[in-house]
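Q: Here is a model to go through. Can we take the labels one by one and set each value against its cut-off?

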Amino acid sequence: MEAIRRSIDLSYSFIVDLSMDQIRIDLTSSIVRVFLTLKVENTGASQASDVLLAFPPTEAEHLAIVKASTAEGKRKRKTYVPLSVNPTELPDAPNGARLFSISLRNPLKTGEAAVLEVLYIVTHCLEPFPVEISQSETQFVYYHDSATLLSPYHVMEQITYIKTPNNKVESYTRVDPTNRAGTELRYGLYHDLPPYSYSPIIVHFENNNPFAVVEELVREVEISHWGNLQVREHYKLKHAGARHKGVFSRVEYQSRPSISGVSSFKHLLARLPPRVHSVYYRDEIGNISSSHLRLGSQKSELEIEPRYPLFGGWKATFVIGYGLPLQDFLFESPDGRHYLNFSFGCPLLETVVDELTIKVVLPEGSKNPSSAVPFPVNQQLEVYYDFSPISMLAEPLMLVSAVFLFFIACIAYLHIDLSIRKS
Amino acid sequence: MGVKAENGVKPTTLASPSSSPFPSLKTLKLKTKQRELLIRVSALAFIYVLAFAVRLFSVLRYESMIHEFDPYFNYRTTLFLTNNGFYEFWNWFDAESWYPLGRIIGGTLFPGLMVTAALIYRALRFLTFAVHIREVCVLTAPFFASNTTLVAYFFGKEIWDAGAGLAAAALIAICPGYISRSVAGSYDNEGVAIFALLLTFYLFVKAVNTGSLAWGLASAFGYFYMVSAWGGYVFIINLVPLYVLVLLITGRYSMRLYVAYNCMYILGMLLAMQIRFVGFQHVQSGEHMAALGVFFLMQVFYFVDWVKYILNDPKLFHSFLRITLTSAISVGVLALGVGTATGYISPWTGRFYSLLDPTYAKDHIPIIASVSEHQPTAWSSFMFDFHVLLFLFPAGLYFCFKRLSDAAIFIVMYGLTSMYFAGVMVRLILVAAPAVCLISSIGLSATIKNLTTLIQTKSKAAQTFSSKGISSLKASAKASFDQALPFQQNVAIALLVGAFYLLSRYAIHCIWVTSEAYSSPSIVLAARSAHGGRVIFDDYREAYFWIRQNTPSDAKVMSWWDYGYQITAMGNRTVIVDNNTWNNTHIATVGRAMSSYEDEAYEIMQSLDVDYVLVVFGGVTGYSSDDINKFLWMVRIGGGVFPVIREPDYLVNGEYRVDKGAAPKMLNCLMYKLSYYRFGELTTEYGKPTGYDRARGVEIGNKDIKLEYLEEAYTTSNWIIRIYKVKPPKNRCDITFQDLVRIVSRDAKEVVHFANL
């Protein structure tokens, strides 16, 4: 322990202690959301401008997003100010722990304290067990984590809450003090934890939420300067929960929906931008006739239903396409270039996307494309390009000239006598 | 009405402006000719657009999708062609169908449709239209239907006059008999083939009329296209020689006919041999022998004609004629006899027989008889598909006989023969449709022309009466048909109004039929709900997509052959049998498996490596064309090859039932079990017992069905498609201890026995 402490001392000229740390882990869906409340106190000699977060490598692999914010103002005027989070390296973090540093707005002076709120989301970390279930069984999953926070700092006090979707918890590791009340598991209060302390826990509980995973998503965004932004999204969807085993009985599924196939899902909700139009939902073999679109001024909601309910391990591919008014997404920068500002993410709610490809199709005649992807924090994509409005007229002119030529040819044919001999 | 008074007064006012500008009459005449051209071209353009637009009902009602069964195969092959190029397509061996035999696709299909669609697709891509190949395939049939109207116009013009041509184009544009197979999405050979058929006939008639080698060549190419597109080319290769024969017999032999037929036959035959599926059939198959025989007869005729010209002596010529004719006929018969006896010339196929004799298929080829579109046509479907044309058809025939020409004889023969075939098979109404439209258009055009000339001559007569007096009235009245009839003009107007009324009824009927009856893709079923809303049953695609996504990619699916093409195209899985019914034994094996007990069927399925079994079941929705209703055909086809399957075992007193009174074999065969598995627990209709089959309106007889070798893998939301997984064979170590003891002791006995030897 001493050696580790020293290594941190070497790389950072200050010491931060976490005086009070609260972890709230939300396991009520297929995605794990962790809320950390950190009270950071600088006990070192010099100023501290960064706070480090550590993740075990297994968790870091599946880390989707890390957000940090700090509260400013008091009581009712309290506002949360987002802070930037960036991955960093520490030469000898134990067992390959990955580190992220949160840049504080105002560096902490010696003896000062600050409260940070951190949210991070981890995907693919609920492991179904049993791996295969039949139609009448419910789905149980394992969740692996540590009762204590993995942290490069000395932790004074720490408590962990784990929220499960219902009170069917098969088993959980006890790290005293541990207690369970209803859907909540509480680990702690723990005192005086040394840096990088890790006490593994396993929670085995029922989770029947849709484990919808988009294995591959290709989004095509096509810009037409005639006023339309066409979006096509190709999905490869999979139920990543416990695999379905044995028979699928339709009679069970339709007559006893509460106990049959509870871990399967048949609806998905996509949240599309407002003023969306010409929405379609189809796959390789044609239109899928089961979808509902609700248009609103803030957002549009598209409820899609795959052709069949998805049980564990079943797959479905489909395409969603829609048009959007161009002026909502295309802007002109001060230097006269056009830029598209479009969301990067997947419109499906509660869904994990493993691989995402985004293609932006610029109109014919555009030049010097460049893109700005402020990753990983911001989710907006910006594409800059030059475009002269005259190129817009190229295609209509081609059409007009083709029709014109056709008429010319007709006139010529009627007026020219091509026969060799006079009849 | 006071016609006479009107006649007396009106012309005086009318006559003065038309008679005064005499010098500009010539230019006026030219202008009317131009105006006529303009009207004709714009009418044709409208007909062209109409023919296309009326076929888009299916896209509007449903979606842009491929319909029915065979089009899915065509679509799949077109996709292959556009992805892999022509040579790969030509040499394509498809292992995904007819497992484990496979199918040589390139050598067993008519590639015309696929190549046409692929060319259109390439052309559009070249013009930078980023269309999907599916859209091209969906719209191929309407596009060719539009082109057919143009051909019909020129054909009508060739046979009769431009008016008849226009009428033919208009009639054929909306004729239900033709629309039924050429709506958008009906991507089948017929969509292109009817165009090719009519084009070939038109070009041939044109060649006969002109005697031009160029038209003969064009008709040979038209024939080539037809051969590449559809097996119905056999109709051409038999009708044309028959027509030539009739012309020869009626003494209408001419040099024009000689040039046209020889050019068309020889070149057409050589070109047709380039299609792998046809190959040498033109010289080896009995169905093509008529054309060959007529070809030789033609040469004999020419030779005889030449000798007659040389000899210039009737007596000598007669004896010569006798000798040549007898020798020619005997040589021909001998050649045919030897060819047939040695097997060089194959005999007529069953399909050909079944065309000539409507009862043949029922007795000999159940697989042809089982298809609903191969049934003899009912009168009602003639009415449904032709409507007023049925009455115009005889009228047209009358006019054709009245003004007999080479072309008129052709269309009469085409009309009569195709009408016969249309009576034999429902689907051949399609072939008759162009002929019926053309002949009707002649009847229509001639009638209306006569009526209008009656009206015109009457008014002209009235004009001349007012201006020149009684003497000229008599002269002009001679021109009109019968002056004796009173109210002639009124009757003519009334008849004209009647004709237009009939035609408008025809148009209304056609549009109604197209939108209501012929636009359903049959993959997606639509029904009206109790509240009047539209309910869509998309179970077929649900099941096929499930297969595509959730079964191993090398899985083999067994189903009745109707669904083979769809499973390979939409489900992307290997099938045992499909709609290309080339191997009757294989289909019979599947039929036998479906009609056996589960354990026997399991052995058959194991031998065919079947992983999944798919059945179509309409008991929940009341969908009547399901597998239980097709089951007797499976029994018949299976029993045709495997005598263990006997139809009476499935019937009770000759009656086919699925309820409690059904035959025990019926209640326990695989098809029954798979269709009704766990159906007995379901209440389908309020106030009816559980397990009430809505398609047949009975409560099923076996509600407690246990499956031993199969398990339910998926059933669609409306139960229309049920998919079962074939369980792997039981592990051999699973045998009980007693079994083991018995086997060991038996082996020991055998050992002892061997030892004694």
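A: A polar contact is a pair of N or O atoms within 3.5 Å; within protein, one must be able to donate a hydrogen and the other to accept it. The model is predicted.

Q: What makes the pair B:Thr568 and B:Tyr565 a case to set against that cut-off?
A: A polar atom of the B:Thr568 side chain lies 3.0 Å from the backbone oxygen of B:Tyr565. The cut-off is 3.5 Å.

Q: Why is B:Thr568 called buried?
A: Its relative accessibility is 2%. Buried means under 20%, so B:Thr568 counts as buried.

Q: Where is B:Thr568 found, and which residues is B:Thr568 in contact with, leaving aside neighbours within four places in sequence?
A: Helix H26 of chain B, residues 564-571, holds B:Thr568. The contacts are B:Arg76, B:Glu96, B:Arg573 and B:Val575. Contact means heavy atoms within 4.5 Å.

Q: How far apart are B:Thr568 and B:Thr82 in sequence and in space?
A: They are 486 residues apart in sequence. C-alpha to C-alpha, they are 18 Å apart.

Q: Why is A:Cys410 called partly exposed?
A: A:Cys410 has 31% relative accessibility. Buried is under 20% and exposed is over 50%, so A:Cys410 counts as partly exposed.

Q: How many disulfides are found over all chains?
A: A search of the whole structure finds 0. For A:Cys346, the nearest cysteine sulfur is that of A:Cys125, 19 Å away. A disulfide needs sulfur atoms within 2.5 Å, so A:Cys346 is in no disulfide.

Q: What does the chain look like over residues 397-416 of chain A?
A: The unreviewed UniProt entry annotates these residues as "transmembrane region". In the model they are 95% helix and 0% strand. Their end C-alpha atoms are 28 Å apart.

Methods:
Residues numbered from 1 in each chain as written. Chains lettered and ligands numbered in written order. Predicted model: local features only at pLDDT ≥ 70, side-chain atom pairs only at ≥ 80, totals over all residues. Heavy atoms only, no water. Helix = DSSP H or I, 4+ residues; strand = E, 2+ residues; numbered from the N terminus. Buried < 20%, exposed > 50% of the residue type's maximum accessible area, 1.4 Å probe, protein only. UniProt positions renumbered as here; feature names shortened; annotations may be inferred.
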